[in-house]
Amino acid sequence: MTSLVSALTLDAIRTSTSLGTGIDAVAAILVVIVLMERELLRAYESPSWTFQARTLDNALLPLLMMFVVVVTAHLAELL
Amino acid sequence: MSTVLPRARIPRVWVISAYLGAIATAEVLTAYVNAEAGLAVHAVLLLVLLNHAMALGPLPIPPAGRMVSEPARVLVPVLALLPLVRLFSLTMPTRSLSPLSWYLLIGAPLLTAVVLIARYIHYSPVDARIWGWSLQQGLMAATGIPLGIIAYVAFHPVPAVKSHDIPYLIIGAGIVLVFLGLLEELIFRALLQPYLCSLFGATRGVLITAAMSAVFISGSRSPLTMLFTFVVAAGYGWLVYTKRSIMGVALSHGIIGIMTILILPNL
């Protein structure tokens, strides 16, 4: 009875390789898109830049935490 | 060069309903059809929700002890938590670590997101009185024991932790209580439900939140587990709606996790 870890999660782990899976690719692309959007908004000198950055940071900070863990885990498997 | 863009209108009820439907569809797609495709839909939804929240502009600070008067506006950033749940739950667990540490890995960024979103929508847990404790809350927490036994006997949830190392099991129980029970109840019952109740009415709000909880269990690929979750989540939802505190249901949820993951598999 948990949405965090289920049979689906176990399947994702079972099919994963040390180079990552399509799931990792989707997550990585998402991080890049959010980062790009944040930087484009800053470059555009948007007047509400602080608010816009704060909105994106709600997801960006946790996504970056995820990115660091995923990359570290894959590097650890490769080494 | 910069231009001030006009603010978007407050989302109508059908917009929030469409978001809920799209998230549920992405979840079912992830569980039953193709995990990558489902996660890609979740990722797109997350981007849409973040940009919609940006277009809506900053939320007004509500008077102390009260919620923002425009629930549909608040729900846009709050709903962004749901794609994050699935994203973290599929990317964070790794083979080299034990299932207990998966909860920690998924929970740490998710809890960060919960705190950030709560601050973003000016949600104060103290003002919302979600930490209230009473004998009733203790009795609610105790329901976790029979519910945990029913869940284990009926569904044999995965993953189970096989260990007789008492300190490991005690630390594990703490992790499950915080990163499963408390975290899921914070997302569904503390953040999502009050605004859904405010927008759709109490009964429908509780039922929609319970339905979303059940949809997020679809990873178990068991319709019976989803039905059980819906019933339990609706009960939790109603208790939180009437008593405001999430302590009893968070403990109950955590105890279900402890029973099904740590205690019963080792008996």
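In chain B of this predicted model, helix α8(B) meets helix α11(B) through L169(B), G172(B), A173(B), V176(B), L177(B), L180(B), G181(B), L182(B), E184(B), E185(B) and R189(B) on the α8(B) side and V249(B), A250(B), L251(B), H253(B), G254(B), G257(B), I258(B), I261(B) and L262(B) on the α11(B) side, where two residues are in contact if their C-beta atoms, placed from the backbone, lie within 7 Å. By class, this contact has 12 nonpolar, 5 polar and 3 charged residues; Ala, Val, Leu, Ile, Met, Phe, Trp, Tyr, Cys and Pro count as nonpolar, Asp, Glu, Lys and Arg as charged, and the others, Gly among them, as polar. Residues are numbered from 1 along each chain as its sequence is written, and chains are lettered from A and ligands numbered from 1 in the order in which they are written. Because the model is predicted, local features need pLDDT of at least 70 and side-chain atom pairs count only at pLDDT 80 or more, while totals for chains, interfaces and linings use all residues.

- The axes of α8(B) and α11(B) come within 8 Å and cross at roughly 135 degrees, with axes being lines fitted to C-alpha atoms, for helices over the stretch in contact, and angles running from 0 to 180 degrees between N-to-C directions.
- The two helices α8(B) and α11(B) are therefore oblique to each other, given that angles under 35 degrees count as roughly parallel, over 145 as roughly antiparallel, 65 to 115 as roughly perpendicular and the rest as oblique.
- Across the two chains, the axes of α2(A), residues 22–43, and α2(B) come within 9 Å and cross at roughly 15 degrees, which makes α2(A) roughly parallel to α2(B).
- The residues that meet here are G22(A), I23(A), V26(A), L30(A) and I33(A) of α2(A) and A35(B), E36(B), L39(B), A40(B), A43(B), L46(B) and L47(B) of α2(B), and by class this contact has 10 nonpolar, 1 polar and 1 charged residues.

**The interface between the chains**

- In total, 57 residues of chain B are in contact with 41 residues of chain A.
- On chain B, the elements that give two or more residues to the side touching chain A are α1 (13–33), α2 (35–56), α4 (81–91), α5 (99–120), α8 (166–200) and α11 (247–263), and α5(B) gives the most, with 13 residues.
- By class, this side of chain B has 41 nonpolar, 12 polar and 4 charged residues.

**A covered helix in chain B**

- Helix α3(B), residues 71–79, is mostly covered, with 8 of its 9 residues buried; a residue is buried if 20 or more other C-beta atoms, placed from the backbone, lie within 10 Å of its own.
- The buried residues of α3(B), among them R73(B), V74(B) and L75(B), pack against α3 (49–78) of chain A together with α1, α2, α4, α5 and α8 of chain B.

- Chain A has 3 helices and 0 strands, and chain B has 11 helices and 0 strands, where helices (H or I, at least four residues) and strands (E, at least two) are DSSP runs numbered from the N terminus.
- The radius of gyration of chain A is 16 Å, well over the 12 Å that the globule rule gives for 79 residues, so chain A is more spread out than a compact globule; the radius is taken over C-alpha atoms, and the rule is 2.2 Å times the number of residues to the power 0.38.

Key. Buried ≥ 20, exposed ≤ 12 C-beta atoms within 10 Å, placed from the backbone.
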